[in-house]
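Welcome! Take a moment to turn the model around on your screen, and then let us walk through it together.

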Amino acid sequence: MSSKGKTDTGLSFEQSTRRLEEIVQAINSPETGLEEMIALVEEGLGLIRRSRQLLARAELKIKTLEAPREEPEPAPVPEKKQSGYDEFSLL
């Protein structure tokens, strides 16, 4: 996918949607012959497949942008030095 959101066919997501609407109208037209209808269905399925890929990539990008950034772990706190005596050594 290019940075302009075009599909492999050179159509943007919005252009693909408009083309799919045209395909649906043509398929529903009584003037459309069987061979042309099959070709239109094939084209439509390709556009749907590529559009779904574009949507999945866009969704992934949005999720990535929304994900909270991980804060760096705080540096470990140095332990206090003991005086050399512990509770048990005084007994």
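Let us begin with a helix and its cover. Helix H2, residues 34–66, is part of what covers the buried residues of helix H1. Please keep in mind that this is a predicted model.

**The chain as a whole**

The secondary structure of the protein chain consists of two helices and zero strands. The chain has 91 residues, and 14% of them are buried. Its accessible surface is about 8400 Å², with 56% of that belonging to carbon and sulfur atoms. If you look at contacts between residues at least 6 apart in sequence, 57% of them join residues at least 24 apart.

**Helix H1 and its two sides**

Helix H1 runs through residues 13–28. Its 16 residues, at 1.5 Å a residue, should span 22 Å, and the C-alpha atoms at its ends are 23 Å apart, so the two values agree.

Which residues of H1 are buried? They are Ser 16, Leu 20 and Ile 23. These residues lie on the same side of H1, because they cover an arc of only 60° around the axis. Turn to the other side of H1 and you will find Gln 25 and Asn 28, which are exposed.

**The loop between the helices**

Thr 32 sits in the loop between H1 and H2. Is Thr 32 buried or exposed? Its relative accessible area is 12%, which is under the 20% cut-off, so Thr 32 counts as buried. Leaving aside residues up to four places away in sequence, Thr 32 touches Ala 26, Ile 27, Met 37 and Leu 40.

**Along helix H2**

On the surface, Val 41, Leu 45 and Ile 48 form a nonpolar patch, and together they have about 220 Å² of accessible area. Leu 45 belongs to helix H2 and is partly exposed, with 46% relative accessibility.

Arg 52 is also found in helix H2. With a relative accessible area of 61%, Arg 52 is exposed. How many residues apart in sequence are Arg 52 and Phe 13? The answer is 39, while in space they are 9.3 Å apart, C-alpha to C-alpha.

**Salt bridges**

| Salt bridge | N to O distance |
|---|---|
| Arg 19 and Glu 22 | 3.1 Å |
| Arg 19 and Glu 43 | 2.8 Å |
| Glu 59 and Lys 63 | 3.5 Å |

Start with the pair inside H1. Arg 19 and Glu 22 both lie in that helix, three residues apart, or about one turn. Arg 19 is partly exposed at 25% relative accessible area, and Glu 22 is partly exposed at 44%.

Now follow Arg 19 across to its other partner. Glu 43 forms a salt bridge with Arg 19. This pair links distant parts of the chain, with Glu 43 in helix H2 and Arg 19 in helix H1, 24 residues apart. Glu 43 is partly exposed, with a relative accessible area of 32%. Arg 19, Glu 22 and Glu 43 are linked in a network of salt bridges.

The remaining pair is within H2. Glu 59 and Lys 63 both lie in that helix, four residues apart, about one turn. Glu 59 is partly exposed, with a relative accessible area of 45%.

Methods:
Residues numbered from 1 in each chain as written. Predicted model: local features only at pLDDT ≥ 70, side-chain atom pairs only at ≥ 80, totals over all residues. Heavy atoms only, no water. Expected span 1.5 Å × (residues − 1). Buried < 20%, exposed > 50% of the residue type's maximum accessible area, 1.4 Å probe, protein only. Arc of directions from axis to C-beta. Contact = heavy atoms within 4.5 Å. Patch = residues over 30% accessible without salt bridge, like charges linked within 9 Å, V, L, I, M, F, W, Y side chains within 5 Å. Areas by Shrake-Rupley, 256 points an atom, 1.4 Å probe, with all protein chains shown as cover. Salt bridge = Lys/Arg side-chain N within 4 Å of Asp/Glu carboxyl O.
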